[in-house]
Amino acid sequence: MASCNHISILHSLEQQSPCKRAKVGAMLIDKLSGEYIIGSCNGYMQMSCDPSIPGKCGCLHAEQRLLDVADHHGYTAPIYRLFVSTSPCMACADRIINSKIILEVAYLNYYRKRLPITLLTSKDIMCVKVNE
């Protein structure tokens, strides 16, 4: 599953998040080689970040950033585990499903709604809560 090294990297990625409310980190782990891919915040402009209303801050989510990186580099094989510090929201769950490259989502903490996990599992994407 996730090693201590992966968890440490994920926490480092959380600290790089430009969002003032939800510090979320994400990485893709190749299930065959164990190599990981991270989505950097570099080059992403935040239009606004109003943390007063959950879900309305306007920030690009870590999963979306990471899937943009995977798409840019041409990752198409369904061999990846998405490891995130907070389970995906509904929009990110939809994007994960449509990417067709993620077999499993592992997360450290629950998002405020659990429906996205139900959606992912209904599409045969395994979801696992990881204990630190």
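**Helix packing and salt bridges in a predicted model**

The crossing of α3 and α4 is right-handed; a crossing gets that label if the near helix is turned clockwise from the far one by less than a right angle, and left-handed if anticlockwise. This is a predicted model, in which local features need pLDDT of at least 70 and side-chain atom pairs count only at pLDDT 80 or more, while totals for chains, interfaces and linings use all residues. Residues are numbered from 1 along each chain as its sequence is written, and side-chain values use heavy atoms, with hydrogens and water left out.

**Overall layout**

- The protein chain holds four helices and five strands. Both are DSSP runs numbered from the N terminus: helices are H or I with at least four residues, strands are E with at least two.
- Along the sequence, the order is α-β-β-α-β-α-β-α-β.
- The protein chain has 132 residues, and 44% of them are buried. Buried means under 20% relative accessible area, exposed means over 50%, and partly exposed lies in between (1.4 Å probe, protein chains only).
- Take the contacts between residues at least 6 apart in sequence: 59% of these join residues at least 24 apart. A contact means heavy atoms within 4.5 Å.

**Packing of α3 against α4**

- The axes of α3 and α4 come within 9 Å and cross at roughly 15°. That angle makes α3 roughly parallel to α4.
- Axes are lines fitted to C-alpha atoms, for helices over the stretch in contact, and angles run from 0 to 180 degrees between N-to-C directions. Under 35 degrees counts as roughly parallel, over 145 as roughly antiparallel, 65 to 115 as roughly perpendicular, and the rest as oblique.
- On the α3 side, the contact uses Met 90, Ala 93, Ile 96 and Ile 97. On the α4 side, the partners are Leu 115, Pro 116, Leu 119 and Leu 120.
- By class, this contact of α3 with α4 has eight nonpolar residues, no polar and no charged. Nonpolar covers Ala, Val, Leu, Ile, Met, Phe, Trp, Tyr, Cys and Pro; charged covers Asp, Glu, Lys and Arg; the others, Gly among them, are polar.

**Packing of α2 against α3**

- The axes of α2 and α3 come within 9 Å and cross at roughly 20°. These two helices are therefore roughly parallel to each other.
- The crossing of α2 and α3 is left-handed.
- From α2, the contact takes Glu 63, Gln 64, Leu 67 and Asp 68. From α3, it takes Cys 92, Arg 95, Ile 96 and Ser 99.
- The contact of α2 with α3 divides into three nonpolar, two polar and three charged residues.

- Asp 68 and Arg 95 form a salt bridge through their side chains (2.6 Å, N to O). The term means a side-chain nitrogen of Lys or Arg within 4 Å of a carboxyl oxygen of Asp or Glu.
- Asp 68 lies in helix α2 (residues 62-72) and Arg 95 in helix α3 (residues 90-99), so the pair ties together parts that are 27 residues apart in sequence.
- Asp 68 is partly exposed at 27% relative accessibility. Arg 95 is partly exposed too, at 31%.

**Salt bridges at Glu 104**

- The whole structure has three salt bridges.
- One of them pairs the side chains of Lys 31 and Glu 104 (3.2 Å, N to O). Lys 31 sits in the loop between β1 (26-30) and β2 (36-38) and Glu 104 in strand β4 (residues 102-109), so the bridge ties together parts that are 73 residues apart in sequence.
- Lys 31 is partly exposed at 35% relative accessible area. Glu 104 is buried at 2%.
- Glu 104 also meets Arg 81 in a salt bridge between side chains (2.9 Å, N to O). Arg 81 belongs to strand β3 (residues 80-86) and Glu 104 to strand β4, so this pair ties together parts that are 23 residues apart in sequence.
- Through shared partners, Lys 31, Arg 81 and Glu 104 join into one network.
- Arg 81 counts as buried, at 13% relative accessibility.

**Positive phi in loops**

- Most residues other than glycine have a negative phi.
- Lys 100 has a positive phi, near 60°. Its place is the loop between α3 and β4. At 59% relative accessibility, Lys 100 is exposed.
- Asp 124 also has a positive phi, near 65°. Asp 124 is in the loop between α4 (115-122) and β5 (126-129). Its relative accessibility is 70%, so Asp 124 counts as exposed.
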